[in-house]
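Hello,

Here is the structure for you to look over.

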Amino acid sequence: MDFKSELLKSIWYAFTALDVEKNGKVSKSQLKVLSHNLYTALHIPHDPVALEEHFQDNDDGPVSNEGYMPYLNKYILAKANDGTFDKETFDDLCWMMTAKKNYKPGMEAGLCSRKDAFKLWCLFNMLSEDRYPLVMIPEEVEYLLKKIASAMSLEWERNGLDDCYCQDPTLLDGMTVWTFLELMGSGRLLKSEGTGAVSLAVDEVFQEMYHDVLKKGYMWKKGLVRRNWNERWFVLKPSVIQYYVSEDLKEKKGEILLDKRCVTEAIQDKEGRRCLFCIKTANRTFEISASDLKHRLEWMQAIQTAIRLLAEGKRSLHKELKLRRRENREQSSKQQTLQGLQEEKRQERQIQEREQLEAEALHKEEEEREQQQHMQRALERQLRDAEKARANMETEIAQKEAESEKQRLRIRELEMIQKALEKALEAEILARVEEERARVRQASLLEEEEDKLKQLSRLKQEQEALLQQTQQEKHEILQDMTEKAQALKVASLELEKLQESRQKSNQFLEEAKKKLCRASCHVKHWNVQLNRLMKPISPGGHVGHDQPALNTELPVHQRGAFASNEFIVKKQLCNTDRRLPGAHIPNSQSVWPSRLYSEEEEEEEEEEEVQEQLRKVSLTETDSKRCETNRSSH
């Protein structure tokens, strides 16, 4: 099987997935999308004009499979080159397109996951026959099941496969991939304890057959520069040996390129290493140590197999094995045909013997024929009569042919009407598809509208909650404002009262000032009197005779009057003199000081009352100012 045939099998699945009506025809728009994806997967430069130019005479109708094949061979398969793209990515694209239509959800619930189904699909395409629709014959199905069972270290039992053939004998002619995947998922073809073992076995067979991994495993390799031994995970393919740090294949350390001139041979143990062998290439000799003699022999045989494939110009071991199995089947079929030919010859001999017996019987019959000639002449006469009847029948046939020609014209008209009806039906189908799309879009719009309505209702509820909260806060603020207004009103009333009291206190202050002025005048007057009276009187003298005239223009303390401190000192001296023994004060001098003292005390009390009133007035002014500040703050 060549490279283009492998690609064509995967493309066939993608094409049939687009064939919705299963009549071998796909619309041009779908073929454009398919071609664009194939260009991308195969890393081919895009040519969007080629498809339009190739099918420019058939722009309205669908394109058949045969009509797409010339374009596929000329513009896609002819430009695809092996090694320029990832084959697994290309198959994954075709699998994705065909799995949407044919892969049932119930298959994934069995032993095989969707990823395992993709790998089995790739292996099926590899082992299927080169005829369409693609099927895998029973011999190849048995070969694949044996490979998977051996990967699980199990012995395959064909009872399940025989039961399937008994239930459906058509499977003996070939099994489709979807039937194969359904039977694998159900566990009828392969018995296993769990899906994990099946997945590992399928992956191992996939790596071996699809990616041409001839062998893989851990071995020790001697370095080129540092000459130390490191354990590496080796992967052998027909043209290269790749080695990694571990089996997860994340860190690649190098590779050994193989060609038909490479040689592998065993070497003696050295440097504490055993089971050594070397691979000699054109540039370098690689020394490798296996775990035991068995693994060394297996690796050397696998490498020699890869070198033999390179020398023979073959790309894959399993593809070569498939060709050999097919040749063996063809040889066995040829042997069966030879046996059939021998049987036919034997039957021919029997026929010849029978013919000889028949000749003898014919000789005997000749005599009987002579007797029958007379009867034949009579029959000839009857034949002439029959010819006349035949002529009559021919005329009737000509009439019938004319009628049939009319019927053919009628049939052609009906065919034209049928084609017109088919076109109308296709237009109706397209209109229904557009209607379905519109319904899908309308459904999506309705869903979005429902989401928006839900959001709107939620926002409305939040708005109502906020309105209730704002109304409550507004009500509280109104209550606070009314309370503050009432407090302001009360404060204004208190302020008015304080202003009235202030006016009264101002009036009272004026009166107090007037009283203080009168009191100061009285004090001045009494100081003058006291100063005059406190002057000693000489014996025999008269009061007021030797007294100098009072100068009213001088200040009080310069007129001879007592100051308040002097008056107090004088009073204290008088009191001390009054307490001294033998002290004698005239009656005239003892009477007027007591009167003077009472008047002074009254004046002092008046002054204290005035000061107390002044203090109250100042307190009232401070209270009024405080009320004004509170009112301004409110």
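Below are notes on a sheet, a helix and some salt bridges.

This is a predicted model: local features need pLDDT of at least 70, side-chain atom pairs count only at pLDDT 80 or more, and totals for chains, interfaces and linings use all residues. Residues are numbered from 1 along each chain as its sequence is written, and side-chain values use heavy atoms, leaving out hydrogens and water.

The sheet: seven strands form an open sheet in the order β6-β5-β4-β3-β9-β8-β7, with antiparallel pairing. Strands (E, at least two residues) and helices (H or I, at least four) are DSSP runs, numbered from the N terminus. Two strands pair if DSSP finds at least two bridges between them. The edge strands are β6 (252–257) and β7 (263–266). Strands β3 (215–222) and β9 (285–289) pair over two bridges. Lys 221 has Ile 288 as its bridge partner in β9.

The salt bridges: there are 23 in the structure. Each is a side-chain nitrogen of Lys or Arg within 4 Å of a carboxyl oxygen of Asp or Glu. One joins Glu 142 and Arg 158, at 3.0 Å from N to O. Glu 142 is in helix α7 (138–151) and Arg 158 in the loop between α7 and α8 (159–167), so the pair ties together parts 16 residues apart in sequence.

Another joins Lys 270 and Glu 287, at 3.2 Å from N to O. Lys 270 lies in the loop between β7 and β8, and Glu 287 in strand β9. Glu 287 is buried at 15% relative accessible area, whereas Lys 270 is partly exposed at 34%. Buried means under 20%, exposed over 50%, partly exposed in between (1.4 Å probe, protein chains only).

Best wishes
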